[in-house]
Amino acid sequence: MMPQAPHTGSANAGSAAVIASGALIARQRPRILVVEDETLVALDLAQQLECAGFEVIGPAASVAQARTLMQEDDCDAAVLDVNLGRGETSEPVAQDLVGNGIPIIVVSGYARSQHPAVFQGMSMLVKPVRIDTLVAELKRVLQQP
């Protein structure tokens, strides 16, 4: 099992969600689900996204971990590694996210033609990912300046 940095939940005092007059005010920091099976890559990616102003959900190293995180917290976008090792792909997570209208950025060392069909047409970055490119793509899919 992959060591995880503590993920931040909606009840966390550091969360950007604010309740005012009984109404939920929009979060200031977009929440990004990170699904990556390589521990060092996942932790580095999570740290860099936090430094770039995002709130990271995860990272998750498996479909089961990702689904648990998705049940606990909402996300605004996701960064998914396609191949999670041990013959597992993040395809079920992608299907869940697509069903909920959540934008996905695929990160992979494999050619697009080797990915399951659900990933076709999605934004894709080739590993190793440059953080500035990933941040720009996240802002684009989230329609942020």
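Student: What is the volume of the largest pocket?

Tutor: In this predicted model, the largest pocket has a volume of about 180 Å³.

Student: Which residues line the largest pocket?

Tutor: The lining consists of Glu36, Val41, Asp44, Leu45, Gln48, Val107, Lys127, Pro128, Val129, Arg130 and Ile131. Helix α1, residues 39-51, gives the most to this lining, with four residues.

Student: How do the lining residues divide into nonpolar, polar and charged?

Tutor: Six are nonpolar, one is polar and four are charged. Glu and Lys count as charged, so Glu36 and Lys127 of the lining belong to the charged group.

Student: Why is Glu36 called buried?

Tutor: Buried means under 20% relative accessible area. Glu36 has a relative accessible area of 1%, so Glu36 is buried. Glu36 lies in the loop between β3 and α1.

Student: What makes the pair of Glu36 and Lys127 a polar contact?

Tutor: The cut-off for a pair of N or O atoms is 3.5 Å, and one atom must be able to donate a hydrogen and the other to accept it. The side chains of Glu36 and Lys127 make such a contact at 2.9 Å, a value within 3.5 Å. A polar atom of the Glu36 side chain also lies 3.0 Å from the backbone nitrogen of Glu38.

Student: Where is Pro128, and what kind of peptide bond joins Lys127 and Pro128?

Tutor: Pro128 is in the loop between β7 (123-126) and α4 (131-141). The bond joining Lys127 and Pro128 is cis, with omega of about -5°. Another cis peptide bond joins Gly58 and Pro59, where omega is about 10°. Pro59 is in strand β4. Most peptide bonds are trans.

Student: What makes Arg86 count as exposed?

Tutor: Exposed means over 50% relative accessible area. Arg86 stands at 68%, so Arg86 counts as exposed. Its place is in the loop between β5 and α3. Arg86 also has a positive phi of about 55° although it is not a glycine. Most residues other than glycine have a negative phi.

Student: Which members of the largest nonpolar core touch the most other members?

Tutor: Among its 22 residues, they are Leu33, Val35, Leu80, Val93 and Leu97. The elements giving two or more residues to this core are β3 (31-35), β4 (55-60), α2 (63-72), β5 (77-81), α3 (91-99) and β6 (104-108). The largest share, four residues, comes from α2. A second, separate core has 16 residues, including Val79, Val107, Leu125 and Leu138. In soluble globular proteins, nonpolar side chains tend to be buried together.

Student: What is Leu97 in contact with, leaving aside neighbours within four places in sequence?

Tutor: Leu97 is in contact with Leu33, Met70, Cys75, Ala78, Leu80, Ile102 and Ile104. Each counts as a contact because heavy atoms lie within 4.5 Å.

Student: How many helices and strands are in the protein chain, and in what order do the elements run?

Tutor: There are four helices and seven strands. From the N terminus on, the order is β-β-β-α-β-α-β-α-β-β-α. Of the 145 residues, 42% count as buried.

Terms used:
Residues numbered from 1 in each chain as written. Predicted model: local features only at pLDDT ≥ 70, side-chain atom pairs only at ≥ 80, totals over all residues. Heavy atoms only, no water. 1 Å grid on protein atoms, 1.4 Å probe; cavity = no way out; pocket = protein on both sides within 12 Å on 5 of 7 lines; lining within 4 Å. Points joined across faces, edges and corners; volume = space filled by probe spheres on them. Core = buried A, V, L, I, M, F, W, Y, C linked by side-chain atoms within 4.5 Å. Buried < 20%, exposed > 50% of the residue type's maximum accessible area, 1.4 Å probe, protein only.
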